[in-house]
Amino acid sequence: MALTTADEADGGIDEPVSIPLSALEHVTYCRRQAALIHVEATWADSVDTVRGDLAHAAVDLPGTRRRRDAIAVRSLPVRSRVYGLHGVCDLVEIRGEQATPVEYKVGPYHPDGPADVQLAGQATCLAEAGYAVPVGYIYSAADRKRHEVPITEDLVNRVREAIARMRALLVEDRLPAAHNDRRCRRCSLRDDCMPELTHTRNRAIDLFTIRPLGAWRD
């Protein structure tokens, strides 16, 4: 699969406003969550986010380590001028002219999920720096395993689509409607999002009707 290389990126392009790599996962998972975090600067910790911080502890400290035939770089800052992306790779293993990003996640791995899109965004940044990036890995702390993710053209197209959706959110004059589905149950932003009240704009919402407590939590 052909990713944009460093030489191709030097063609006098106009750099778009850069968005964080983490936004690719957020906007793929839920547009409203992405808007709350990256437009409204809203954040709240939960048990899951704290577990995620602990799972990242091993790779959050920048450093380099040689492992057999590879150089492992922790917390590597990357960017893409072509796509307007920036962020930090948890871990990148470099073997010659090939780089392999490894993204750490606290929960179980879901094939073809939003995390794959974030990983592919890292791959596009590394490819633009001149590396071949045929594959990456999602490390799941839940099962303590690496899960291989081939960096295919279809996956890179999902990155482009996520970038377009995120850029659209940056210029919208209101937050997207909530989904109010199973994704909301463990979301740390549930209290800020209020999905029970904001999941539709098509019907009038009576804010003054008393609701049983059971309707507010799954």
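Helices here are DSSP runs of H or I with at least four residues, strands are runs of E with at least two, and both are numbered from the N terminus. The model is predicted: local features need pLDDT of at least 70, side-chain atom pairs count only at pLDDT 80 or more, and totals for chains, interfaces and linings use all residues. Residues are numbered from 1 along each chain as its sequence is written, and side-chain values use heavy atoms, with hydrogens and water left out.

(Buried means under 20% relative accessible area, exposed over 50%, partly exposed in between, with a 1.4 Å probe and protein chains only.)

**Strands 2 and 3**

I then checked strand 2 (residues 63-67). Of its 5 residues, 0 are buried, so strand 2 lies largely in the open. Strand 2 pairs with strand 3 (residues 70-80) in the antiparallel sense, over 5 bridges. (Two strands pair if DSSP finds at least two bridges between them.) I noted one partner: Thr64 bridges to Val73 in strand 3. The hairpin has 2 residues between the strands, and Arg68 there takes a positive phi near 50°.

**Positive phi elsewhere**

Most residues other than glycine have a negative phi. Ser75 sits in strand 3 and is buried, with a relative accessible area of 12%. Asp112 also has a positive phi, near 65°. Asp112 lies in the loop between strand 5 and helix 6 (114-128). Asp112 counts as exposed, at 60% relative accessibility.

**Aromatic rings**

How many aromatic pairs does a search of the whole structure find? The search finds 1. Tyr104 and Tyr139 form a tilted pair, 4.8 Å centre to centre with 40° between the planes. (Rings of Phe, Tyr and Trp, the last by its six-membered ring, pair if their centres lie within 6.5 Å; planes under 30 degrees apart are stacked, over 60 edge-to-face, the rest tilted.) The pair links distant parts of the chain: Tyr104 is in strand 5 (residues 98-105) and Tyr139 in strand 6 (residues 135-140), 35 residues apart. Tyr104 is buried at 15% relative accessible area, whereas Tyr139 is partly exposed at 21%.
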